[in-house]
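This briefing is meant to be read slowly, with the structure open beside the text.

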Amino acid sequence: MRIWQKTLLAALLAFFACTSNGAENGVLTARFYESMFRNGHADVAELTLFFTGMPKGGDLHHHYTGSLYAETYLDWVARKGWWINPCNFRIVKAKEEGNCASITVQQLEANNTQYRKLLDLWSDKDFSNYYHDQPPPDSNFFGTFGYFGTVSNEYMHEGLDILKQRALRENVGYIETMLARVPVSSQDYFKPDLANQLIGELRAAKSQEEVDGLLDRIRSTLDGENGFHKKVDDYVSTLQSIHQGIDSDRFLMRYQTYASRGDNPLQVFTGLLAGFMVSRQSPLVVGVNIVGPENGIVALEDYTLHMRMFNYLHRKYPEVHRALHAGELTLGMVEPRDLQFHIREAVEIAHAQRIGHGVDLPQEWQAPQLLEELKNEKVAIEINLTSNQFILGVQGSEHPYPIYAAYGIPLVISTDDSGVSRNNLSEEYMLLASRYHPSYAKIKEYVYDSIRYSFLPPASRQAELKILDRRFAEFEKEMADFSGRMKQK
Ligand SMILES: [Zn+2]
């Protein structure tokens, strides 16, 4: 045999040895995972260890401000030289005297009772595990943003870096975070009389055609405003600068922008239009969303109108991706009719590519046909178990996860607001496994889907999928060794 033939043979043998070891490690890892379910009970600690190390691909339903912990925001309040009101625990920029004289963060932290009270209000910490005066859970959750909102947009580069470091330590390779809205205000471009007239006409419009006609008019006004274009440009350049140094060979961060569904429809459209423009302009902004409590009075009344705005903007900006919060509702929270069409309209009218939450599926009108549509359109559902349990009180067999899974709808596992909820992505996988016991192969499918259904451009998606292959090979080798050692004990 010639030297080159020998070299080729050696290389081939090494390749096959490596692949068969890899396959064996995969089998051992799957077996180890199954061993964590004994007599119908899941071993939560073992599952937590397993999922903390497991590559988790991307976190696709992720809010920037809700993902930082209150402790970080307190550090920033101290750094700004701001104060805390010890009566209502709100941030105070200039010292106040009197009965509720402002205290420093240092003084707050020296008083454990006050410090813990602040954490209760700035997050969901300790909400359920001891008796105390508390608002309804959804109010507690959404109320937290009002406490730390004053400081949350300071030090954004540092905030992104904190999220990146957290991701790296739990083997998350990609985050698609809802960062911030484009700070455009419809009041700057429409006088009050005209604004009120347009708001009235938008709400009275009965069809997509009527809405389109109004949106054409609003868009052409905004298009003629230099100030509006400047806000869009500034957003793009600010983002570029705070993003510097965030991407690395082990981690990528991309962004969604959004409008708030509680605003009046003129403001919602102004924000969405700016969002679509930003996304067209910046490769860092990969999609547009709509956020805020879905059960708010305005959010409910304007729901279809918002979907029609997305429909309109999708035709103008077809390359901009759309993920929409939809169906984050449950019976009793709203009237039954409001549970019946939100997911459907997000898909059929707004052409959402991913649905955030999708919890009200069992109540949706003609759910079996809707499932078929989700499957055919390859719409992914972003599953947020901790958040749904807290805000909606939906967990276990009340959650539609098993229906989506059985029907073969693409699913991605995500955190929603890991700072407010004080969770992380590993815990979401642990909850999924301990509650529903999907196979290890299924779990891997969800991880790969978190890249396949991300809004990254195709080439980056392919590159991330290859990285996942390597990470799983490393993880499965580690777990194969570890499970062997666990057995010896
Ligand atoms: Zn969300």
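How many residues of domain 1 are in contact with how many residues of domain 2? Nine residues of domain 1 are in contact with eight residues of domain 2, where two residues are in contact if their C-beta atoms, placed from the backbone, lie within 7 Å. This is a predicted model, in which local features need pLDDT of at least 70 and side-chain atom pairs count only at pLDDT 80 or more, while totals for chains, interfaces and linings use all residues. Residues are numbered from 1 along each chain as its sequence is written.

**The two domains**

- The domain assignment of the chain gives domain 1 as residues 71-152 and domain 2 as residues 156-471, with bounds that come from an automatic or database domain assignment.
- The centres of domain 1 and domain 2, taken over C-alpha atoms, are separated by 29 Å.
- On the side of domain 1 that touches domain 2, the largest share, five residues, comes from helix H7, residues 137-152; helices (H or I, at least four residues) and strands (E, at least two) are DSSP runs, numbered from the N terminus.
- By class, that side of domain 1 has three nonpolar, three polar and three charged residues, where Ala, Val, Leu, Ile, Met, Phe, Trp, Tyr, Cys and Pro count as nonpolar, Asp, Glu, Lys and Arg as charged, and the others, Gly among them, as polar.

**Helix H14 and its partners**

- Helix H10 (residues 208-223) packs against helix H14 (residues 303-316) at an angle of about 65°, with their axes 10 Å apart; axes are lines fitted to C-alpha atoms, for helices over the stretch in contact, and angles run from 0 to 180 degrees between N-to-C directions.
- That angle makes H10 roughly perpendicular to H14, because angles of 65 to 115 degrees count as roughly perpendicular, under 35 as roughly parallel, over 145 as roughly antiparallel and the rest as oblique.
- The contact between them is made by Gln208, Val211, Asp212 and Leu215 of H10 together with Leu305, Arg308, Met309, Asn311 and Tyr312 of H14, and these residues divide into five nonpolar, two polar and two charged.
- Helix H12 (residues 265-281) packs with H14 at an angle of about 30°, with their axes 11 Å apart, and H12 and H14 are therefore roughly parallel to each other.
- On the H12 side the contact is made by Pro265, Val268, Phe269, Leu272, Leu273 and Phe276, and on the H14 side by Leu305, His306, Met309 and Leu313; by class, these residues divide into nine nonpolar, one polar and no charged.

**Three residues in loops**

- Asp247 has its place in the loop between helix H11 (226-243) and strand S7 (252-260), and, leaving aside its neighbours within four places in sequence, Asp247 is in contact with Leu252 and Met253.
- Asp247 is partly exposed, because 14 other C-beta atoms lie within 10 Å; a residue is buried if 20 or more other C-beta atoms lie within 10 Å of its own, exposed if 12 or fewer, and partly exposed in between, with C-beta atoms placed from the backbone.
- Most residues other than glycine have a negative phi.
- His351, in the loop between helix H15 (342-348) and strand S10 (354-357), has a positive phi of about 55° although it is not a glycine, and His351 is partly exposed, with 17 other C-beta atoms within 10 Å.
- Asp416, found in the loop between strand S12 (411-413) and helix H19 (418-421), has a positive phi of about 70° although it is not a glycine, and Asp416 counts as buried because it has 29 C-beta neighbours inside 10 Å.
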